[in-house]
Amino acid sequence: MDKKGNITRRRALIAGGTILAFGGGVAYIGSRSDSSGQHYVPDTTHAGSGTTGFDVDLDGRPIAGKRDAPVDIYYWTDYLCPFCKQFETEALPELGRTFLDTGDARLAVLPYPNIGEYSMPAAVWGRCVWSQVADSDPDAFWNWHTAAFAEQSDSGTDWADEETFAAVTEQTAGVDLSAVETCREERSSSIRERIEPNVAVARESRIQGTPGFVLYNRDSGAAGKLVGAHPYENFAEAINQVMEA
C-alpha cells in the first residue's frame with residue numbers, strides 16, 4: 001500500500017472504522033506493580049525498520065519487544081512531560097513484563113516535543129544516544145532514558161538544559177558523550193525533520209499531547225488509542241481488545 005493509501009486507511013480507522021478509544025486526555029494515577037519496578041529495561045530491544053500500515057515511520061527507532069510481536073504500541077513522549085514520567089515509573093514496568101517481554105506486543109518510542117523550549121533538543125539527545133548504542137549496548141539507551149526522566153523537577157521546565165542532558169549522558173554507562181555530541185552537531189537538523197511526520201500521525205489520531213498511545217494490530221488492522229498516564233490495567237484491557245479484534 002502506498003503512502004496515500006496508508007493515510008486514507010488511517011483516517012478511516014480514526015473516523016470510526018475499527019479504531020477503539022480507550023480513554024480521553026485524563027491522566028490516571030495507578031499503583032506501582034512493585035516497589036522495585038520503576039526502572040524497566042526490555043528483554044529485547046531492536047531498531048525499527050520501514051513504515052507501518054498505520055503510517056508510522058519506524059526506521060531506526062528504538063523498539064522494546066520482539067520484531068514479530070503482533071501488536072504495535074506507538075508511544076509519543078517528551079522528556080519534559082511529567083505524565084510521561086508517571087507512565088514510565090508506574091505502568092511501563094508491568095506492561096513490559098506482561099506484554100513486551102513475552103512477545104505479545106512491542107513498544108516504539110516516538111518523540112512528540114510539546115512541553116517546553118527544550119523539548120526538541122531533548123528529543124535530539126535521545127535520538128543521538130540511541131544511535132550511538134543501538135548496535136552495541138541497547139540497554140544503555142533505556143538506562144539513559146530513565147535517568148533523563150529522573151531529572152524532572154517538581155514544577156516547571158527550567159531544569160532541562162544542555163548541562164543537565166550532558167551530565168546524564170556522561171554518567172550513563174555505555175554511552176559516549178563525545179560521540180553523542182558529534183551526532184547532535186552533525187545530525188540535529190535531519191533528526192528534527194524526521195520527528196515531524198510521526199507527530200503528524202499522532203495529531204491525525206487526535207493525540208494533542210503526551211503521553212499518547214496508538215495500539216495497532218498489524219495483522220487485522222484494528223487500532224486503539226490511549227491518552228494520558230493510564231494505569232497498567234487500562235493498557236492490558238486495550239491491548240487484549242486490539243489483539244482480539
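**Close-up views of a predicted model**

**View 1. An aromatic cluster of seven named residues.** Tyr79, Tyr118, Trp125, Trp144, Phe149, Trp159 and Phe165 together make up one aromatic cluster. The structure shown, here and in the views below, is a predicted model. Across the protein, the count of aromatic pairs comes to 19. One of them is the pair of Trp159 and Phe165, which is stacked, with 6.0 Å from centre to centre and 25° between the planes. The plane angle is under the 30 degrees below which a pair counts as stacked. Both partners of this pair also belong to the cluster. Trp159 has a relative accessible area of 12%, and Phe165 has one of 1%. Each value is under the 20% limit for a buried residue, so Trp159 is buried and Phe165 is buried.

**View 2. The disulfide of Cys128 and Cys183.** The count of disulfides comes to one. The link joins Cys128 to Cys183, with an S to S distance of 2.1 Å. The angle about the S-S bond is -75°, and the link is left-handed. Cys128 is part of helix α3 (residues 119-133) and Cys183 is part of helix α6 (residues 177-204), so the pair ties together parts that lie 55 residues apart in sequence. Cys128 and Cys183 are both buried. Two further cysteines may be located for reference: Cys81 is buried, at a relative accessible area of 1%, and Cys84 is buried, at 0%.

**View 3. The crossing of helices α3 and α6.** The axes of α3 and α6 come within 8 Å and cross at roughly 120°. This angle makes α3 oblique to α6, because the range for roughly perpendicular axes ends at 115 degrees and roughly antiparallel begins over 145. The crossing of α3 and α6 is right-handed.

View 4. Strand β6 covers residues 212-217, and six of its six residues are buried, so the strand is largely enclosed by the rest of the structure. Gly212, Val214 and Tyr216 point one way from β6, while Phe213, Leu215 and Asn217 point the other way. Residues on both sides of the strand are buried.

**View 5. Pairing of β6 with β4 and β7.** Strand β4 (residues 71-77) runs antiparallel to β6 and is joined to it by six bridges. Among the residues involved, Ile73 has Leu215 as its bridge partner in β6. Strand β7 (residues 223-227) is also antiparallel to β6, and five bridges join the two. Here the bridge partner of Gly212 is Val227 in β7. A hairpin is formed by β6 and β7, with five residues between them. Gly221, in the turn of this hairpin, has a positive phi of about 85°.

**View 6. The whole protein, for orientation.** Seven helices and seven strands are present in the protein. Along the sequence these follow the pattern α-β-β-β-β-α-β-α-α-α-α-β-β-α. The protein has 245 residues, and buried residues make up 53% of them.

Methods: Residues are numbered from 1 along each chain as its sequence is written. This is a predicted model: local features need pLDDT of at least 70, side-chain atom pairs count only at pLDDT 80 or more; totals for chains, interfaces and linings use all residues. Side-chain values use heavy atoms; hydrogens and water are left out. Buried means under 20% relative accessible area, exposed over 50%, partly exposed in between (1.4 Å probe, protein chains only). Helices (H or I, at least four residues) and strands (E, at least two) are DSSP runs, numbered from the N terminus. Two strands pair if DSSP finds at least two bridges between them. Rings of Phe, Tyr and Trp (its six-membered ring) pair if their centres lie within 6.5 Å; planes under 30 degrees apart count as stacked, over 60 as edge-to-face and the rest as tilted. A disulfide is a pair of cysteine sulfur atoms within 2.5 Å. Axes are lines fitted to C-alpha atoms, for helices over the stretch in contact, and angles run from 0 to 180 degrees between N-to-C directions. Angles under 35 degrees count as roughly parallel, over 145 as roughly antiparallel, 65 to 115 as roughly perpendicular and the rest as oblique. A crossing is left-handed if the near helix is turned anticlockwise from the far one by less than a right angle, and right-handed if clockwise.
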